[in-house]
Every structure is written in structure tokens, then in C-alpha cells.
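Student: Hey, can you help me read this one? I'd like to talk through it bit by bit.
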Amino acid sequence: MGKYLLRRILQMIPVVIGTTLLIYALVFALPGDPVAAMFGDKPVNAAVAAQIRSEYNLDKPFIIQYLIFLKNALTLDFGNTFAGQPVIAVIGRAFPVTIKLAIMAFVFEAVFGVVFGIISGLKKGKWYDSVILIVSLLLISVPTFVTGFVLQYFLGVKWGLLPVTAGSNPGFIDLLMPASVLGSVSMAYIIRLTRTEVSSNISEDYVRTARAKGMSNKSVTLRHVLRNSMIPVVTYLGADIGALMGGAMITERIFNINGIGNTLYQGIIRGEGTLVVSIVTILVLVFVVCNLVVDMFYAVLDPRIRYV
Amino acid sequence: MTDNTISPESAEAEEFFMDPLPGQERFVAPVDETPLKAVDSVDESEPATSMWTSAWIALRKNPLFIFAAILIVFIIIVALFPQLFTHNDPTYCNLDNSLGKASGSHPLGFDQQGCDVYSRVIYGARTSVSVGVLTTIIVVAVGGFIGAIAGFFGGWIDSLLSRITDVFFAIPLLLGAIVLLQMFRTSDSIWKVVFALALFGWVQVARITRGSVMEAKNLEFNTASTALGSTPMRNLFRHVLPNALAPVIVVATTSLGTYIVSEATLSFLGVGLPSTTVSWGGDISTAQSLLRINPSVLFYPSAALAITVLAFIMMGDAVKDALDPKSRTE
């Protein structure tokens, strides 16, 4: 186990380097002058531009810029934003909000996705199975931002049940609607996945054997059907953490949340390369670590899987 | 020949074959009673049903498939020949008609700019369907190729390609696409969206192809083919790929819908197609501010988009049922 863990952590290093290099190349090596972007609508002053270029190492070759970035990133020094704030401070302010949002969305999609998926899979063909299926198909085919706007309009504006936007320091209630919207598409996929798994496992031989041995319905379902159905669901959930981070950009924009998604979006639009690359680096790290945790979790679900 | 063996000509053998023990007389029927031909011949009046033939037979009986297929054919016709369905110009907008009510030749009314909503919904199909179809083609070609090479050859090729796949996998589709599209904000070609979605979308297909190629590679027919002198490349294309194709087709069909949604989302974020291109995504994002005043302007393009995506997802489900009878969703 320890050896496996070490190997996986070592494998993460090229992935993180490759991913940051890719994003760095996209942001800095492609056409578009970040210094000109910095001036915004003001005329570009050549001397100031040159100074900024040397301050941000923009006068050096691309690969040197990247290595300097990587070296500084190891000490959590991501440089400054255009406005002069340290990038790490901006991230530090925005990140907790997004973590809260993402955890709520994750719990939402995992709990409701699995529960509805099980109900649907166990009672195939019943009317509530059809309802669950149709609702999940609708959630997948309607873009998140439309779902978001419609919910915001009805729950927030028209009926006043939940806050319309989340303020600067949102609490549980403020994030309830954004988190459900963020998790809704993945929830629909998890419902479908769980339903397929449960309904195919339920006709397996080992389930029949367990019933023949006289196990109660409840423990057959819980210990045999569910446990075996969860492996693909857990894989999906692990990979979904990345999608949640990407999706946060849309949700945070709709509900006006000052999280990492909104900060990243602003950074991309304003052409703040340093900010974008720093945030993406952190997101990639979170994603890679979460996937490792998920892989570790397999052994708990399936004792046949051993890590050596 | 040793003493222990019975030679067919010997008297001993004659006794052995000719005189069965009591009660065993009828265990072996005389050869002339059951001609070998009847047992060994194969019914060749019908061709053997391959996986694809039986999948097609199952598909034709599935109402889900018929429904999805009719919808998709209809949507493709709308995308190819929008002028068959409306005589109005989607780009002709007259502010006098802003948010105008529905009338005979304008069945869905007008949007804020005074453009005819119905003709915009009809003409928007081409953009969404093109983005979906083109992205899927590129993703399957690139992802399928990389996944197949990695899974089939294994070793260092697999390690290298898998690490490259991991790098792209760690960047969420939307995030990567936004960063890339930000660079091409001035271009109004749909290819930039196709390229951005394909660049970060091929990974999923590559992973699935790799897995299913690795599975198909170890099946007996592949060993048999190698034993008969087949080259690895011939094995890959003749035997492994056709048997590894099923999960790839399923994912490709479902992803097509996802790419259409992603295009709309990118347009909503302002980095997708410019407002000069008639697209559902663009119309939805301009209509969102009208939700409180005139929700129908938001509703129609959203509904068109949802129906299209739904059709492709249902098609994916139907194909999955047909190709893998074990995982029936219906």
C-alpha cells in the first residue's frame, strides 16, 4: 500500500508539471499582449511597459518564464495581480467560498444521485422510476445556466424562498441554491449510472445465492447489490471534482459569488496570465489529489482490489 | 505396436467391437443410420449474425431508438435546409418589433432586438449541430487513435500516451476551452469552438478506447490470428478495433449532446460564438436578462437545445442497450 501510494505520488509530478506547462503556454505563448491588456484603455507607455516586462519576466524566453514560475510556485509565491495585490492573497480569500460551494454541491449530487438511482434501479418500470428518469434527462439536456436562471427567478425573485444572490461571505442558506444548480447535472448522471448498475447487479448469481441462503431483503440490497454498484459511481464522483471546479465559473457568475470560479473568469477576461495560471495550478493539484483518494477508496469497496 | 494395444485387424479387436456387453447394444448407433453429413453441416441459408447485425435487429425493435432517430433526422434536416421551414431572415431585426407578440408569419414572436424568434430557432440548429458533430468526429478520431495505440502496444508507448492523457484529463473541459477561446475572441468561425472543445474532450474517448482495446487484445481470436501469421497492425484493424468499438460509439453519441450544451455555455460566458452568428447558445444568453419581462424569448431556444441534446442522449442509451444486452437501461 505504502509503495503504491509513493508510486502514485511520483506519477502525479509529471502530470502537474505537464498541466501547468500546457496552461502556461495557452496563456502566455499565444497571441495577445498581457502588458497591453494591463494598460486597459489607457495609452501604452513604452518605458513603463518595459519595466513591467522585466518585472514579470516577460522579456525572457517562454520556457525560462515557466521555470521561474514553477520555482516560485513551490514557495507559494505566485506574484502580484495587475492591481498590485499578491495573487496568493486573492486566492486565499476566494478559495474557502468555492470549497464550501463545491463540498455542498458534491454532497448534494452524491446523496440525491445515489438515493434516487437506487430507488429507480430497484423499482424499474414503476411510475416514480419514470419520473426520476425524465427529470434526470431534462437536467442533462438543459444547460446549467438556464436551470440556474430559472431557479433563481422562481425560488429567489418570485417566491422569495431562498436568497437571490450570495453575498461576500455566504453561509449555508445562501449557497443552497447555487450548490444544487452546480451539482444538478452530475446528480442526473449519477442517478442514471446508479440505476443501470443496481438493476444489472440485482439479477447476478451472487444476489440469488444470498437470497437463497435466507438473507433478508434489506441486507441483500445493502451488502451485495449496493456495494458492488458503487465502484463506477465512486469513479465518476472522483473525476467530477474537476468538472465542479469548472462549473463553479458559471454558477458563481449567475449567483454573484466571490469564489475562485469568478476570480478565474475575471482573470481570463482581463488577460491576467499570472492569476489564471496560479489558480489553475491549484485546481489541478486539488483534482489530482482527489483522484488519488478515490483510487484508495476502491479497496474499501472491493476487497479483491489490492495495491502492491 | 506393443502387446497392449489392440490392432483393428486382430481377432481380439473384432471381438471387442462386434460383441458389446449385454445392455450396451444400442449405445453406439451404426454409422449408416446417422450420416455424418447431417450432424456436421452448418445451416448456410442465412449469414451468421455478427454483433452488429444482432445489435441492429435489437435497435429496430426499440421504441426509444425509433423516437430518437426520427428526432435526429428531423434536426439534421432543419440544420441542412433551414429555408424549408421559414421564409423569414433570422438576421433581419427591426427594433419596431422589439418583444412583439406572436402573429401569423411570426409564430413565436420577436426578441428584444426585434428579430423573429422562430426563424432564429430554426437557423440556430445549424450552428449547434455542426459544433456537436464536428467536435465528435475529431474527438473520436484523435482520442480513438491515441487510445488504441496505447492500449494495443502497451509498454513505454502506453506509459507516455497515458501521461499525456492524464495531463489533459486534469483540466476540466470548460476551463480549458475558456482559456483557449479567450485568445481567439475576434474570430467568428465555429471552428475555434470545435477546436477548443476537441482539444480538451478527446481524453475521455482515449481512455475508453484504451480500456476496451486492452480487453479485446487478450481475447482468443487475436491469439489465433497471430498464430496464423497476421501482423500486429492487421490484428489491430481487423480484429481488435471492431471488437473494441461498442463503448466508444456509445460515449461518442452521448458526448455529442454534451458538446452542444458546452457551446451554449461558452457563448453564455461571452467567449464562444459572437452575437453575429445565429446560435441557440447566443440567443439563450441574450434572452436571460428578459426572463422577468418575456420568458418565452428564453424558452424557445432553450427548448430547441434541450430537445436536440435529449435526442442524442436517448440515441446513446438505445445504442448502449443494443450493443451490450447486459446493461439495459429500459
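Predicted model: local features only at pLDDT ≥ 70, side-chain atom pairs only at ≥ 80, totals over all residues.

Student: Which side chain does Arg120(B) meet in a salt bridge?
Tutor: That would be Asp283(B), with N to O at 3.0 Å. Arg120(B) lies in helix H5 (residues 117-153) of chain B and Asp283(B) in helix H11 (residues 280-287) of chain B, so the pair ties together parts that are 163 residues apart in sequence.

Student: And are those two buried or exposed?
Tutor: Arg120(B) is buried, and Asp283(B) is buried too.

Student: Switching topic: what does Asp166(B) form with Arg163(B)?
Tutor: A salt bridge, and the closest N and O atoms are 3.3 Å apart. Both residues lie in helix H6 (residues 155-169) of chain B, three residues apart, which is about one turn of the helix.

Student: Where is Arg207(B), which also meets Asp166(B) in a salt bridge?
Tutor: Arg207(B) sits in helix H8 (residues 190-217) of chain B, while Asp166(B) is in helix H6 of chain B, 41 residues apart, and the pair links distant parts of the chain. The N to O value for this salt bridge is 2.9 Å. Put together, Arg163(B), Asp166(B) and Arg207(B) are linked in a network of salt bridges.

Student: Why does Asp166(B) count as buried?
Tutor: Because its relative accessibility is 18%, and buried means under 20%. Arg163(B) counts as partly exposed at 26%, and Arg207(B) is partly exposed with a relative accessible area of 37%.

Student: Now the helices. At what angle do H6(B) and H8(B) pack?
Tutor: About 135 degrees, with their axes 9 Å apart. That makes H6(B) oblique to H8(B). H6(B) also passes H8(B) in a left-handed crossing.

Student: Which residues in H6(B) and H8(B) meet there?
Tutor: On the H6(B) side they include Asp158(B), Ile164(B), Asp166(B) and Phe168(B), and on the H8(B) side Leu199(B), Trp202(B), Val203(B) and Arg207(B) are among them.

Student: How many nonpolar, polar and charged residues does that contact have?
Tutor: By class, the contact of H6(B) with H8(B) has eight nonpolar, two polar and four charged residues. Asp166(B) and Arg207(B) turn up again here, and their side chains are the ones that meet in a salt bridge.

Technical notes. Residues numbered from 1 in each chain as written. Chains lettered and ligands numbered in written order. Heavy atoms only, no water. Salt bridge = Lys/Arg side-chain N within 4 Å of Asp/Glu carboxyl O. Helix = DSSP H or I, 4+ residues; strand = E, 2+ residues; numbered from the N terminus. Buried < 20%, exposed > 50% of the residue type's maximum accessible area, 1.4 Å probe, protein only. Axes fitted to C-alpha atoms, helices over the stretch in contact; angles between N-to-C directions. Parallel < 35°, antiparallel > 145°, perpendicular 65-115°, else oblique. Left-handed = near helix turned anticlockwise from the far one by under 90°. Contact = heavy atoms within 4.5 Å. Nonpolar A, V, L, I, M, F, W, Y, C, P; charged D, E, K, R; others polar.
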